[in-house]
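Please read the following note with the sequence and the model side by side.

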Amino acid sequence: MSDGVIVAQTADIPAGKSIGVSCHGEDVAVFNLDGEFYACSNRCPHAGAPLKDSMVAGTVISCPWHGWRFDLAPKPDAPKDGVLRYPVWIDGEDVIVGPPIDN
């Protein structure tokens with residue numbers, strides 16, 4: 001995949017944790033969910049809460065301020081909810097985030 005940005009090393013994001021990074025001109029939250037990495041906008045569209053601080057259940061995050069819920073797993077038929085999802089892949093120990101997925 002091209003156009004990816006190295007945002008961290010895998011060791012920087014332990015399982016069950018997340019970080020905020022800047023890439024592709026946006027503030028992005030990157031999550032490690034049991035070894036699977038996901039990325040989304042780091043700003044809730046409702047009130048701007050940092051989504052990196054969300055509670056997580058499976059691939060669904062809940063905004064830390066008001067509980068709005070967003071599924072991190074990109075789904076082509078999902079309705080637009082104001083949160084961008086980004087492809088994430090690992091190359092060696094590098095965590096790489098691609099441009100946002102059009103969903």
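**Notes on the predicted model**

1. An open sheet is built from three strands in the order S5-S6-S7, and their pairing is antiparallel. Strands here are DSSP runs (E, at least two residues), numbered from the N terminus, and two strands pair if DSSP finds at least two bridges between them. The edges are strand S5 (55-57) and strand S7 (69-71), each of which pairs on one side only. From one strand to the next, the twist averages 25°; axes are lines fitted to C-alpha atoms, and angles run from 0 to 180 degrees between N-to-C directions.

2. Two conventions apply throughout. The model is predicted, so that local features need pLDDT of at least 70 and side-chain atom pairs count only at pLDDT 80 or more, while totals for chains, interfaces and linings use all residues. Residues are numbered from 1 along each chain as its sequence is written, and side-chain values use heavy atoms, with hydrogens and water left out.

3. Within the sheet, strand S6 (residues 60-62) and S7 run antiparallel and are joined by three bridges. Val60 has Asp71 as its bridge partner in S7.

4. The largest nonpolar core has 14 residues, and those touching the most other members are Phe31, Cys40, Cys44, Leu51, Ile61, Phe70 and Leu72. Such a core is a set of buried Ala, Val, Leu, Ile, Met, Phe, Trp, Tyr and Cys residues joined through side-chain atoms within 4.5 Å. Buried means under 20% relative accessible area, exposed over 50%, and partly exposed in between (1.4 Å probe, protein chains only). At least two residues of this core come from each of strand S3 (26-33) and strand S4 (36-41). S3 supplies the largest share, three residues. A second, separate core of 13 residues includes Val7, Ala8, Val28 and Val30.

5. Which residues does Phe31 contact, leaving aside its neighbours within four places in sequence? Among them are Ile13, Lys17, Tyr38, Cys40, Leu51, Val56, Ile61 and Leu72. Contact means heavy atoms within 4.5 Å.

6. How many disulfides does the structure hold? There are zero, a disulfide being a pair of cysteine sulfur atoms within 2.5 Å. For Cys44, which is in no disulfide, the nearest cysteine sulfur is that of Cys63, 3.8 Å away. Cys23 is buried, with a relative accessible area of 3%, and Cys44 is buried as well, at 2%.

7. Thr10 and Gly16 both belong to the loop between S1 and S2. Is each buried or exposed? Thr10 counts as buried because its relative accessibility is 18%, whereas Gly16 counts as exposed because its value is 57%. The side chains of Thr10 and Glu93 are joined by a polar contact of 2.4 Å, that is, a pair of N or O atoms within 3.5 Å, of which, within protein, one must be able to donate a hydrogen and the other to accept it; residues adjacent in sequence count only if both atoms are side-chain atoms. Beyond four places in sequence, Gly16 is in contact with Asn32 and Asp34.

8. Gly98 lies in the segment after strand S10 (94-97). Gly98 counts as buried because its relative accessibility is 0%. Although Gly98 and Val5 are 93 residues apart in sequence, their C-alpha atoms are 6.4 Å apart in space.

Technical notes. Helix = DSSP H or I, 4+ residues; strand = E, 2+ residues; numbered from the N terminus.
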